Amino acid sequence: MPNFWKELKNPAFLLAPMEDVTDTAFREIILRLSHPDYLQVLYTEFTNTDGLCHPIGRDKVKSRLQVNASEQKLLKEKDVKLVAQIWGNKPEKFYEATKFISENYDFDGIDINMGCPVKKVVKQGSCSALIQFPDLAGEIIQATKEATKLPVSIKTRTGLGKHVTEEWIDFLLSQDPAAIILHTRTQKMQTDFPAEWEEMGKALAVRRASKLSIPIIGNGDIFSMKDAKEIYAKYPVDGFMIGRGIFHNPWFFNPDFNPSIKDKLDTLLEHSRLYVETWGKKRNFQVLKRFFKIYVNDFNGAAALRARLMDTNDLEEVENIIGSFKKLHTIK
Ligand SMILES: Cc1cc2nc3c(=O)[nH]c(=O)nc-3n(C[C@H](O)[C@H](O)[C@H](O)COP(=O)(O)O)c2cc1C
């Protein structure tokens with residue numbers, strides 16, 4: 001199985017895994033809007049390994065791994081890779097879940113979440129909590145690697161209460177993952193404090209000293225290509241993973257494109273239709289509303305239009321509101 005991480009352009013751009021955001025519908029929209037010179041890797045939402053290993057739990061969590069045929073087609077056409085992200089705290093569940101994913105889906109890689117800072121998961125010893133239990137983290141990485149031929153990467157933070165970047169990156173490199181995605185904040189910092197990219201300098205120095213060539217991707221507060229360029233000049237990472245930056249600009253991965261009002265409204269409609277077509281009643285329509293503000297901004301009347309859209313309860317209402325706005329403003 002080829003390790004795509006070794007073949008990415010430098011610097012590569014990746015869309016971060018985001019729960020209730022990076023489902024198959026949103027990923028397809030981003031694929032349509034992006035230029036393959038920039039967007040190279042997409043991630044699923046994080047999926048629990050205990051859930052995946054349980055017959056009833058599996059039904060509850062497997063929508064997170066859903067890939068529509070239309071998304072699959074675009075992935076192939078644009079040669080963008082799709083990684084399934086999993087989380088948990090038991091090596092045997094990682095083994096079983098990874099086997100299940102590898103045998104039943106067509107992902108390009110598996111990623112282990114060692115970065116989620118949410119208190120509930122940290123209390124269980126999962127995600128970022130694993131930073132303080134390297135023995136268990138190592139067992140999890142090895143169990144996951146044994147279960148699949150796909151490349152296995154780790155997405156993590158720089159520490160729990162304080163940065164332990166050097167020790168932690170040194171340890172992760174010793175586990176020979178396919179890539180490390182480093183969010184330059186500790187668990188305690190959540191996303192309430194600015195990302196501390198000096199920690200990336202330390203991580204890159206540890207890798208240099210190790211003489212290994214495992215890719216290190218940086219994550220945290222990259223809101224524009226200009227941000228990425230500035231950081232890259234100081235910390236030449238192998239790539240950048242973009243999270244909330246996509247809410248500021250859904251065309252993030254197509255920096256030379258300047259969307260018109262029509263582009264924005266048509267994309268909102270396409271996304272809404274695809275979401276409803278994909279999920280029907282399985283996912284709440286209200287979740288879709290968080291996306292309205294990412295398309296409806298920076299034009300006359302955007303605030304009032306947004307307010308009306310936030311009051312909708314189904315696709316038909318969204319279509320009617322957008323239709324009458326376009327008519328009123330002669331947007332064809
Ligand atoms: C709504 C939301 C959901 C997220 N869900 C996940 C997730 O499922 N898995 C994960 O590893 N990180 C998750 N994250 C963290 C992001 O992947 C990323 O690490 C974080 O937002 C920092 O990057 P940024 O500063 O570019 O946003 C989530 C973040 C947000 C805002």
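Reader: How do the residues of the shell around the ligand divide into nonpolar, polar and charged?
Author: This is a predicted model. The shell around the ligand has eight nonpolar, nine polar and five charged residues.

Reader: Which residues come nearest to the ligand?
Author: Ala16, Met18, Phe46, Gly243 and Arg244 come nearest, out of 22 residues around the ligand.

Reader: Turning to the domains, what does the domain assignment of the protein chain give?
Author: The assignment gives domain 1, residues 4-248, and domain 2, residues 261-328. Taken over C-alpha atoms, the centres of domain 1 and domain 2 are separated by 30 Å.

Reader: How many residues does the contact take from domain 1 and from domain 2?
Author: Domain 1 contributes 10 residues to the contact and domain 2 contributes nine residues. On the side of domain 1 that touches domain 2, helix H1 (residues 24-33) gives the most, with six residues. That side of domain 1 has five nonpolar, three polar and two charged residues.

Reader: Is H1 mostly covered or mostly open?
Author: H1 is mostly covered, with nine of its 10 residues buried. The buried residues are Thr24, Ala25, Phe26, Arg27, Glu28, Ile29, Ile30, Leu31 and Leu33.

Reader: And what covers the buried residues of H1?
Author: The cover includes strand S1 (12-15), S2, helix H4 (69-78), helix H11 (245-248) and H12. Helix H12 spans residues 261-279 and contains glutamate 277. The C-alpha atoms of glutamate 277 and alanine 25 are separated by 9.1 Å, although these residues are 252 residues apart along the chain.

Reader: Let us move to the strands. How many residues of strand S4 (residues 81-87) are buried?
Author: Seven of the seven residues of S4 are buried. Both faces of S4 are covered: Lys81, Val83, Gln85 and Trp87 are buried on one side, and Leu82, Ala84 and Ile86 on the other.

Reader: Which strands are joined to S4 by bridges?
Author: Strand S2 (residues 39-43) runs parallel to S4 and is joined to it by three bridges; leucine 42 has leucine 82 in S4 as its bridge partner. Strand S3 (residues 47-48) is also parallel to S4, with two bridges, and asparagine 48 stands opposite tryptophan 87. Four bridges join S4 to the parallel strand S5 (residues 109-114), where glycine 109 stands opposite valine 83.

Reader: What do S4, helix H5 (residues 91-104) and S5 make?
Author: Together, S4, H5 and S5 make a right-handed β-α-β unit.

Reader: On backbone geometry, where is the cis peptide bond?
Author: The cis peptide bond joins asparagine 10 and proline 11, with omega about -5°. Proline 11 lies in the segment before S1. Most peptide bonds are trans.

Reader: Which residues other than glycine have a positive phi?
Author: Among them are aspartate 79, with phi near 55°, and lysine 211, with phi near 65°. Aspartate 79 is in the loop between H4 and S4, whereas lysine 211 is in the loop between helix H9 (198-210) and strand S8 (216-219).

Reader: Are aspartate 79 and lysine 211 buried or exposed?
Author: Aspartate 79 counts as exposed, because it has 10 C-beta neighbours inside 10 Å. Lysine 211 has 7 C-beta neighbours inside 10 Å and therefore also counts as exposed.

Key
Residues are numbered from 1 along each chain as its sequence is written. This is a predicted model: local features need pLDDT of at least 70, side-chain atom pairs count only at pLDDT 80 or more; totals for chains, interfaces and linings use all residues. Domain bounds come from an automatic or database domain assignment. Two residues are in contact if their C-beta atoms, placed from the backbone, lie within 7 Å. Ala, Val, Leu, Ile, Met, Phe, Trp, Tyr, Cys and Pro count as nonpolar, Asp, Glu, Lys and Arg as charged, and the others, Gly among them, as polar. A residue is near a molecule or strand if its C-beta atom, placed from the backbone, lies within 6 Å of it. A residue is buried if 20 or more other C-beta atoms lie within 10 Å of its own, exposed if 12 or fewer, and partly exposed in between; C-beta atoms are placed from the backbone. Two strands pair if DSSP finds at least two bridges between them. A crossover is right-handed if, with the strands pointing away from the viewer, the path from the first strand over the helix to the second runs clockwise.
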